[in-house]
Every structure is written in C-alpha cells, then in structure tokens.
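Hi,

Here is the structure I promised to pass on. Have a look at it first, and my notes follow below.

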Amino acid sequence: MPREKAQNDEAHDEEPKDTSFRDILWFRAKPETRAGRLVAEYVLAVAISTLPLAIVIVTLGRPRDITIVLAALLLSLGLGAVSHSVALIAPILCALTCLFRLSIVQGSLDTLIRSFPPYRRLGLALCIAVAILNLTAVTVAKIWRHRWLKCGWVLLILGITAGLSAGFWLTSGDRGGATLSGMGMGLFAFVMFKELSKSEDTTDLLVFNAALVALGTGLGLSGEIEYRIGSDIIEISIFFVMLTSSMGAIGFLVKGLVRALKGNLPLTVPGSALAGVACGILYPVATGFVAGLVHAPLSCLTIAGLLFGHSLAPTRAGVRIFVELWDIIKTAWSDGWMELRLVPMAILDFEPTRSLVVGMSWVAVLSFPRGVWALLPVSAMLVGYFRLLPEYLFLVMKALWRVRRAQRTSRDELSRYLSDLPPYEHELIVIPIVGHARLLVASFRIAPQATLETVSKAVQMGPSWGYWRTLESAWDEIAAIAAEFDGAERSRLVRTRLLAFCEPERIAEIATHDLSLATLTNHLYNPSEASGDDTESPEGERGDLAELMPALKGVAQGVADALAQDLPIQRERGLERCINVLDRLQGRTQQLGLGDRAAAEWLRVLKHWQVVLRERIETDASVIPHKEVIQPFQSGNPLRADRPYLFKGRKRLAQDIVRTIRTGGRPTLVLHGPRRCGKSSFLLNLSRLLPDDVLPIYVDLQSQAMTSSEGDFCYGLVRAAIRDLRSRGLDPPMADRSTFKSAPYPALEDWLDELRPRLGERRLLLCLDEFEKLGDAMERGRVTTSLFDELRHLAQHRDEFDLIFCGAQTLEELGPGWTSYFINARPIEILYLEPDEARELLLDPDPAFNLKYDEGVVRRVLEMTACQPYLLQLIGEAMVKTANRHGMRHIDEAYLEEALGEALAAGAIYFANLWEETTGATPSEVAAGQRLLLALAHERPLPAMDAAASAALRRLKRYHVVTTGDKYRIEIPLVARWLRDWKGDEARVGT
C-alpha cells in the first residue's frame, strides 16, 4: 500500500515545513504566523460548535445547568490540544447526549454540587497551597538564576509535595490521600529532573513548574470528587480516559497564562492552581456526558459513531489497519514533556490508522452495554471514517453517469469532470470510486493532453490510496492509447507513471514486469540493457527516455535485489546504494539539455524514489529490531566519498600536498605506498580534506577505456573532470567524444581554455590512480610518449593545473622513461594511520555502530595491525561478524582471537601477495625472501645472506614488510602470525 506523503517531500530541502495547528495552539509558532489570531479563531470555532448544546440547555434545562455548557467548552479546548477535528465535534456529541439523556448529565452536576467541599474550606486550602507553592517557586527561581539546578530542584520537589499535600488535606480531610497525592507529584517532578536539567531556557522551567501545579491541583481535585460521586465501573474508567484530555486543557491554559503574564512567576503559580481547580470541578461534569451517551438510545449512539468517524477521517493518507498498541503508546510518550503531550490520545492527529484504532475503541466502549447491537455504532463509525455516506455514494453515481456521457462531452467538460473528483475535490475519500478508472480512460481517448495534465497535477498533489488504485486500474489502457504519441508526450506520461510508484516493491517491478511502461518505452531502448551507459537507441534518438530508463531499470533491479535479502542490515545497505545511484542520476539529468519543465519533472521522479526508499529504511529500522550489529567496515573496495564516517585521518598528508602545490616550482607529486595502504581511498576522499580552492579530479587508470588510445585518455580525463566539478556545484563545459578521436590534445586544451574562466581563483588537482598502467599501455603501443609530453606541458605551463601520480612504485623504480619526463617530481609516501586515527576507526566507523570492546581489545588490534588501514578494516569486519554470530554486542579477548583467525582466512589474497610479490623480483630472490620471512616469523637466526637474499631483504624493507631497529623484524605482527599459522616451517619453502 503506498505511502502517499512521499509525494510532497521532494521539496523537503528547498523550503521549511508549515507550522502545524498543534504548534500554533501550544504557542510554539513563529511570529509571522500570527498564532494569537489563529488561537482566537479556534476558540471562536469551539464556541460556535457549542451553540447547539447551549440551545438544548436553555430550552430543556435549569438555570444552573449553564455549568454543563462551560464543561463542554473546556472539554473541547482540552481535546483541541490533541485533535482539533475531534474537539469541534465533541460539543455536538454533548448536545445529542443532553437531547436524549439530559437527566443523567444533570444528575452528575447535582452530585458534584452536593459532594463539593465548603467554599470557605476550599478557599483556605487554595490560599495555603498557593502560598507554599509561590514561596517555593520564587525561591527556586532565584536559585536557578545562579544555575544551581540540583539544589533548586530538591527545594522544588519538597515545596510541591508540601503545598499540594496541605491543600488536599484541607480540602478532603483525608491525610493518607493527601500525602499520596503530594508525594506522587513530587515523585513526578523528581523523575523529570534529568530532562529538565538539559534546558537552557528559564521559560521552560517556568512552564513546567506552573503546569505541574495545575496538573496536581486539577487531577487531585477531580479524582477526589469522582471518588465521592461513586459512579459505576464504566463511568470511572471513562473518567480516567477523559483525564488525558484534561492534561491538554490544563496545558493549553497554562501556556496561555505564562505567555500573557510574560513569565511573572509569582502570578503564574496561583493562576495555574486556579486553572487546575477549574478543570478539577468541570471534568466530573463532563463525565456525565459520556454516561448519558452510554445510556442514550441506539439511534443516538449510531449518529454519534457516524460523526466521530467523520471527524477522524484522514486527509490524503492510506489506511493500514494492523498496528501495535504498544507502538502507539510509545510514539505518544516519546514526544516529551516539553510539548506537554504525555497522553496516548495525542496519536489522534498523528497517523490515520492509529486514529481509526482509537476511534473504534472509544465507540466500542461506549456501545459495550448494548451487546450485539454495539456493532451498529461501530459500523457507523467506519462508514463515517471512510466517508461512505453521503459523499462516496454521491461520487459513484456522478462518475458512472459521466462515463455514459463521455462520448458526447467536449474536451473542456471532460477536464472539468475529472477536476470534480478526488483528489481535486472530496480529498477525504480514501477508497477507489467505482467508474473513476473508466472515466479516466474515456477522457484520455478523447482529450489526451488535457487528461494527462490533470493526472500529472493530481499525482504531484500526493492523493489518497484510492486514487492510486484508480490509476493502477487505468494505466494499461492509457499506455496502449499513448503508444502512438510523440516522444515528448510519451516521456511525460512515463514520468507521471513513475511518480505513482509509492512502494519499493512497485519500483522493483520495473526490473521484472510492468506492461504499461513496456508499452511506452520498448521501442526506445532494449529492456535487457540496464547498465545505464550512453547507448544509442535503435532509432538513433537521444531522448530522455533512451538515456534515463535503462538507468532507472538498473535502480529497480537493485531495489529488487535489496528487498530479497534476509537480514535487515543487508536490505538497508542495498537500498542506500540505490539512493546513491539516484543522486548521480540527478546530476546526469542536468546534462541532457532538456527543457525546464521536463528536467524539473525528472528530478521530481528521482527525488520521489529516494523518499520512498528512505521511508522503507526508516520503517525497517522501527519495526524490525536489529539484533545484529551493523557492518560498517569495508575491507574490499576503496572507500568512496559517500561513506565519510568510515574514512579516518590523513589530514597531515593532505596539508603536505597543499603546501607543495602552492610553493614555487609546482612539482609533480608522486604518491606511493605498499598495496592496500589506502592510496585510492585517500584520493577518493581528498575533496573533503582540501581547501575549497583546490578541486581534485579522480581518474582510475585501471579502466581499459582510459588507456586504449590517447584520444580515449584525454576524453576520459575530461569526463572525470565534468563529473567531479559538477559534484562541487560548478558548471563545466560539455565535451564531444568525436573531437578527441582525431585531435585529442588540441581538444583537451580547448576544453581547458573554456573551463578556465569558470574556475575563478580555483585550481584543478589531477589525481591519476594506478599511474603505472600508462607505462603498460605504452609498452603495448596503445599510447605514445606524446602523452607524457602533454602531461608535463599541462603541469608546467597551466597555473590552474596540478598533477599527482599515485601507485605502488616511484618514478625512479619505473626507470628513465619516467624520470626524464618528470624531472621536477616529488615523492610522498603514504603508509599507516596514526594511532588516534586508527582508534577512532574501530570505535566510531558509523553513527549507528553499537559494538563495544573490552579493555585492551582495541590496543591489541592496533598493535597487531601496526595501524595498517586494510588490516584494520579486515579485523573490524571479522569482529562484527563474530559478534553477530554469537548474538553479542561486545568483543572480549576470546572473541578477538576468533575474529583474528577469521580475518587471516578472509585476507588470504592480501597475504599471498606479500608472500609472492614483495619477496623478490626473480625466482631465486623470491625463495630467499620467503626463507627470510619464515625465519623472522619464528624468531630464528637469518639464513646465509647471499646476493639473492640481500636483494630480497632490500625489497622487503622497501615495501615495509621488514623493518630494522635493534634487529630485523616483520613490521606488522599480524603478517608474522599469518606466516606461522599458514606457511609453517622454512623447510616447506620451495617444495
């Protein structure tokens, strides 16, 4: 079932969200919203909705029954704090109750008056309680001004306990009840100290103090009166449910009081106590409304259920029936005391299904004494909730009538017919309207452009679930009609169709089957191709469908693969990869040269898909508990810029590069280091480490497309520059591949000349990763030394251009073919992380990482790896797998040993490369080097040092496998352990 709110989230980053009605009612709105006027208008609306009750009371009641109207008014104001729609319908329900069972409500009022304490006694109790509370509040305020929070809080707890206990005791004469009431509110204040101490605003302290006084007074007094009234068990339970709305009413009054008195504490405390007294007196009267409704005729209950369902009906939202009650309570409670929304009824305006569950529960409780007949009010509530009467029935008749008249209707009238139906009108109708899909098809057949315009606007509005079902029913026929349209109209229809996918499962269907999309796009691209590459359509068109649909199908396949995963963390990672691809497609869309409208609609589609996928990630995180620790470590491919938390350190190295390129002479940099020491990851994340005026361009020379010819190299360099510059917000010039085939170097320099004024004061830093591949290409005859001449020319004569070679070897090791061209080269070695950087990598690789380590585990990992980046990632990955395998969230020494064994097996290729490649350049050197490694691993004397052994030792030192100090040793202890565990004794070498 779709998540319709996703439709309006594409502009989430562009503009702030509107202030909600609850924010306005709680005086949290911004000044420009004129919250005071809106609150006044709301109070006026509540007063108007109370007029029917006032008329009933004046006509049928007694003069003192006007108190009943005041109670209904206060009840509506309290409900408005949690659901303004229910608040406006509540006085009408009260009027129905009084119309049929006024005697019960009057009896509740009479009983209240008879059981009410004497006025003198009540006044004395209030004076004493307010005096104690006021003195406490003034003293605590002065203490808090000096930021002595704990001292002030102790005094506040004692004052609240003493003041409320004294007031209740003088009112009721019950010492035990008074003591329990005062201690209960004091305990509540004590529990809330941790949250309140985080506040820096003294207004929050004032509001909380005043609200606590009002709540204690109101709830205690109303509870005492209700106890004396002695209602039956149903009325008592209903009374306590109604107390939740009393919290809203008290909060509303207190917030307005604090705002009106401008933070005057001595006046706010007694005012809050009086507000609590008002609620405490009037809410037992409001209990009579519910009691009267319980005993009202079945017809009255049915009408009440219908009205209640209408008030809870959702706007533009789907209906998901199955929801856990505990999750509802947790959601309501998690809003926090600062919002004064500590009541489960606060869910009424939060989510449609929860509103439906609560509404049905209320109607069921009210109707319970009727037995089987209780199903009638509950059914009426459902009819009202889904607006089946009268709106739905009327719309069905109108849609069927217009389908019959469609062939005799003009185009303008058809467009008007569609605009009279949801979602343009009657947006509260959330179920499909019979005949609506047939009307859409008939209208599209007669007036396709007008119908497409209407449907496109409706989709952008984020309509209800029913409209989505209507579109699903009509899409196949609409697509068959539109198959003969021109490319622009087909493209727009496809965009509208893609916006209708509001669930990851629907997006995934593109990868397998979607007849309507296949009908519209199968002649523009080959559906079997989903790579997203720049592929010409069979007809030679370069339209947006031919460019983007294969890529979107690739995203859909990625979503399907992610949803097929069993573990939640695997699904999350798969969906995150799809979101990243959609990010890149947004940049690609801007390169197609589309019109403003088409580009905006494609961007809306891509952002909408991202919202849908992010919502699924959030839903999985909230519904499915993550029993396993997330796996943030990545020991395989280089770390890309989309994983910033996992890349740690290297700031000193980046600063060294900046200093070098800004000095005179501008040397060519050669970044070299052993395999798997983080060179590529450093280059991929270099943009986050450099100042804004240095723009790194990453080029991976392992790609055969870069070294197949000199033209391909120059064009690939330009494509990489366009990609990276656009990611930094620049608008580089476009490039045509054909111009690079015939004259690569003039085309490259022409492009750089066009780019230069757009750079301003910034400069390019060209990073050629795996630069040794250029030498391999030269040996194979794919490129010539002209490429070296051009690179040297660019580095020496273009002020906006700097060059970094990155690889495992230096230029001297590659020979004179390199050093003769790049004489002014400066080598920079990249090795291990700093200990602090390595520690941060293990402890904080991801914000959601929750694996803990016993004391000494991290220190031992740093020692075993010597802070080598790949090995840190390898062991981190193994520790997470070990913890998940055992269902643990911490790693001790025993689990670390298990993880080390797993890491040695997982890193077999890395260790084998050390064993085979770094030990020597010839077979004799390799054998000698391996004997040296085994001797050092087993801490035995070195074998005889002949020429081969000496050459092997120099090579091992060069690649940082062996180091010297007091004696030779293997630089990384984990390598020595692998040699002992996996290679055994030196006698096996050469066998």
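This is a predicted model: local features need pLDDT of at least 70, side-chain atom pairs count only at pLDDT 80 or more; totals for chains, interfaces and linings use all residues.

Which residues have the most contacts inside the largest nonpolar core? They are Leu53, Cys98, Phe289, Leu498, Leu552 and Trp609, in a core of 88 residues. By nonpolar core I mean a set of buried Ala, Val, Leu, Ile, Met, Phe, Trp, Tyr and Cys residues joined through side-chain atoms within 4.5 Å. Buried means under 20% relative accessible area, exposed over 50%, and partly exposed in between (1.4 Å probe, protein chains only).

Residues are numbered from 1 along each chain as its sequence is written, and side-chain values use heavy atoms, with hydrogens and water left out.

Leucine 53 touches Ile68, Val69, Ala72, Pro91, Cys94, Ala95, Cys98 and Phe289, if you don't count residues up to four places away in sequence. Contact here means heavy atoms within 4.5 Å. There is also a second, separate core of 78 residues, with Cys806, Tyr853, Tyr870 and Val880 among them.

**The sheet**

Next, an open sheet of five strands, paired in parallel and ordered β2-β3-β4-β1-β5. Since β2 (694-700) and β5 (825-829) are at the edges with a single partner strand each, one side of each is left without a neighbour in the sheet. On average, neighbouring strands of this sheet are turned by 25° against each other, direction ignored. Strands (E, at least two residues) and helices (H or I, at least four) are DSSP runs numbered from the N terminus, and two strands pair if DSSP finds at least two bridges between them.

Take β3 (residues 763-769): seven bridges join β2 to it in parallel. Tyrosine 698 stands opposite cysteine 767, and valine 699 has leucine 768 as its bridge partner. On to β4 (residues 801-807), which pairs with β3 in the parallel sense over six bridges; there, isoleucine 804 is opposite cysteine 767. Seven of the seven residues of β3 are buried. Both of its faces are covered, with Arg763, Leu765, Cys767 and Asp769 on one side and Leu764, Leu766 and Leu768 on the other.

**Helix α42**

In α42 (residues 908-917), the buried residues are Tyr910, Phe911, Leu914 and Trp915. Seen down the axis of α42, they fall within an arc of 135°, so they line one face of the helix. The arc is taken from the directions from the helix axis to the C-beta atoms. Their cover includes α40 (869-885), α41 (893-906), α43 (923-937) and α45 (973-983).

The axes of α42 and α45 are 11 Å apart, at an angle of about 90°. Axes are lines fitted to C-alpha atoms, for helices over the stretch in contact, and angles run from 0 to 180 degrees between N-to-C directions. The two helices are therefore roughly perpendicular, a label for 65 to 115 degrees (under 35 is roughly parallel, over 145 roughly antiparallel, the rest oblique). Phe911, Ala912, Leu914 and Trp915 of α42 meet Leu974, Val975, Trp978, Leu979 and Lys983 of α45.

**Arginine 885**

Finally, arginine 885 sits in helix α40 and is partly exposed, at 48% relative accessibility. Leaving aside neighbours within four places in sequence, arginine 885 is in contact with Glu898 and Glu902.

Cheers
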